[in-house]
Amino acid sequence: MEQQKVFDPFQAWKDVYDKTESYWGKVIGDNMNREEFSQLMGNVLNMNLQYQQAVNEVTGRYLHQVNVPTKEDVANVASLVINVEEKVELLEEQFDDRFDELEAQQESASALKKDVTKLKSDVKSLDKKLDKVLSLLEGQQKTQDELKETIQQQIKTQGEQLQAQLLEKQEKLAEKPKAEAKAEAEAKPSNAQKTEQPARK
């Protein structure tokens with residue numbers, strides 16, 4: 001038995017499409033290769049550009065009158081927002097860097113504060129030691145002054161004693177010639193008497 005062919009509408013549609021596409025594709029291809037078609041397409045594009053320009057101008061005027069931003073205004077605002085975002089990001093980076101620097105400075109400041117506190121305690125202890133040294137020096141100065149006064153008093157006393165001894169010796173020395181002169185004076189009359197006695201005889 002021969003198998004009966006079943007009608008397939010999809011296959012029929014595909015055959016029609018292939019035949020139509022090959023015919024019209026050839027026709028369109030031939031027309032597109034002509035110079036008139038290129039001129040026509042150029043004129044159509046120019047008309048579209050002119051129409052688009054006119055529509056843009058009219059739309060811009062209308063939007064300006066009704067105080068509504070145009071596409072260019074929105075684009076400018078978008079670019080400004082992008083610039084602001086970049087500046088904000090730059091400021092955030094600078095802020096983070098500055099914050100890190102401040103943290104480092106705070107740490108160094110705390111270390112410096114500890115050093116200053118230690119220095120203050122050292123200075124206080126040094127002040128106490130200096131006070132002790134000054135008190136000792138004052139005591140030593142007082143002792144030296146007392147010793148100086150004592151030595152001066154002793155020197156004065158010894159000087160007075162020496163002066164008294166010198167005066168006494170000077171008096172003794174002054175009295176000695178007088179005694180010798182007196183002895184000589186007493187001796188002279190006895191000699192004179194001796195010389196007078198033989199004369200009397």
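A residue counts as buried under 20% relative accessible area, as exposed over 50%, and as partly exposed in between (1.4 Å probe, protein chains only). With that in hand, welcome to this structure, which is a predicted model: local features need pLDDT of at least 70, side-chain atom pairs count only at pLDDT 80 or more, and totals for chains, interfaces and linings use all residues. Residues are numbered from 1 along each chain as its sequence is written, and side-chain values use heavy atoms, with hydrogens and water left out.

**Confidence and helices**

- The average pLDDT (the predictor's confidence in each residue, from 0 to 100) is 82 for the chain, and 91% of the residues score at least 70.
- Confidence is highest in helix α2, residues 35–65, with a mean of 87.
- Confidence is lowest in helix α3, residues 71–200, where the mean is 81.
- Helices here are DSSP runs (H or I, at least four residues), numbered from the N terminus.

**Charged patches on the surface**

- A patch joins residues with over 30% relative accessible area and no salt bridge; like charges are linked within 9 Å, and nonpolar side chains (Val, Leu, Ile, Met, Phe, Trp, Tyr) within 5 Å.
- Accessible areas come from the Shrake-Rupley method with a 1.4 Å probe, and for residues only the protein chains shown count as cover.
- Lys and Arg count as positive, Asp and Glu as negative, while His and the chain ends are not counted.
- Each charge is placed at NZ of Lys, CZ of Arg, CG of Asp or CD of Glu.
- A patch of negative charge brings together Glu 85, Glu 86, Glu 89, Glu 92, Glu 93, Asp 96, Asp 97, Asp 100, Glu 103 and Glu 107.
- One of its members, Glu 85, sits in helix α3 and counts as partly exposed because its relative accessibility is 45%.
- Glu 107 also belongs to this negative patch; Glu 107 lies in helix α3 and is classed as exposed because its relative accessibility is 56%.
- A patch of positive charge is formed by Lys 120, Lys 124, Lys 128, Lys 129 and Lys 132.
- Within that positive patch, Lys 128 is part of helix α3, and its 58% relative accessibility is why it counts as exposed.

**Salt bridges**

- You can look for 2 salt bridges in the structure, each being a side-chain nitrogen of Lys or Arg within 4 Å of a carboxyl oxygen of Asp or Glu.
- Lys 14 pairs with Asp 18 in a salt bridge, with 3.3 Å between the closest N and O atoms.
- Lys 14 and Asp 18 are 4 residues apart in helix α1 (residues 9–32), so about one helical turn separates them.
- Lys 14 is partly exposed because its relative accessibility is 43%, and Asp 18 is partly exposed because its value is 34%.
- Arg 98 and Glu 101 also join their side chains in a salt bridge, at 3.2 Å from N to O.
- Both Arg 98 and Glu 101 belong to helix α3, where they are 3 residues apart, about one turn of the helix.
- Arg 98 has a relative accessible area of 43%, so it is partly exposed; Glu 101, at 42%, is therefore partly exposed.

**A nonpolar patch**

- Tyr 23, Trp 24, Ile 28 and Met 32 make a nonpolar surface patch of about 470 Å².
- Met 32 is in helix α1 and counts as partly exposed because its relative accessibility is 46%.

**Distances along the chain**

- Leu 119, in helix α3, is exposed because its relative accessible area is 53%.
- The C-alpha atoms of Leu 119 and Ala 12 lie 105 Å apart, and these residues are 107 positions apart along the chain.
- Between the C-alpha atoms of Glu 107 and Gln 170 there are 90 Å, with the two residues 63 apart along the chain.

Terms used
Helices (H or I, at least four residues) and strands (E, at least two) are DSSP runs, numbered from the N terminus.
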